[in-house]
Amino acid sequence: LLSLLQQWVLLALSTCSLLCCLCCLLGLFVAIGLTLGNQGRVLLAPCSITNIALAPVSRECPFDPTRVYVSPRGLEMGY
């Protein structure tokens, strides 16, 4: 069905795809491990409010776990 050259090209592309996937999984596991290791405190660390309960509603806090982020394109489609 496939020529020998096509088989080698397919094998090479599959191997590259596998390596990229493994790198992404490794990064994901490291991020999850770091987040669980410090119990998520680093996510809200840049917030300048002393009361951590009010931090997500602050303008100084770059990460708001209660906010739903929707792109303008998503709003056009009704998401």
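**Cysteines, fold and surface of the predicted model**

The structure holds zero disulfides, a disulfide being a pair of cysteine sulfur atoms within 2.5 Å. The sulfur of Cys-20 has its closest cysteine sulfur in Cys-23, 6.5 Å away, too far for a bond. The sulfur of Cys-21 is likewise too far for a bond, because its closest cysteine sulfur, in Cys-24, lies at 6.7 Å. Cys-21 is partly exposed, at 41% relative accessible area. Partly exposed falls between buried (under 20% relative accessible area) and exposed (over 50%), with a 1.4 Å probe and protein chains only.

This is a predicted model, in which local features need pLDDT of at least 70, side-chain atom pairs count only at pLDDT 80 or more, and totals for chains, interfaces and linings use all residues. Residues are numbered from 1 along each chain as its sequence is written, and side-chain values use heavy atoms, with hydrogens and water left out.

The chain has two helices and zero strands. Both are DSSP runs numbered from the N terminus: helices are H or I with at least four residues, strands E with at least two. Of the 79 residues in the chain, 13% are buried. The chain exposes about 7000 Å², and carbon and sulfur atoms supply 71% of that area. Areas come from the Shrake-Rupley method with a 1.4 Å probe; for residues, only the protein chains shown count as cover.

Helix H1 spans residues 4–37 and contains Ile-32. Ile-32 counts as partly exposed because its relative accessibility is 41%.
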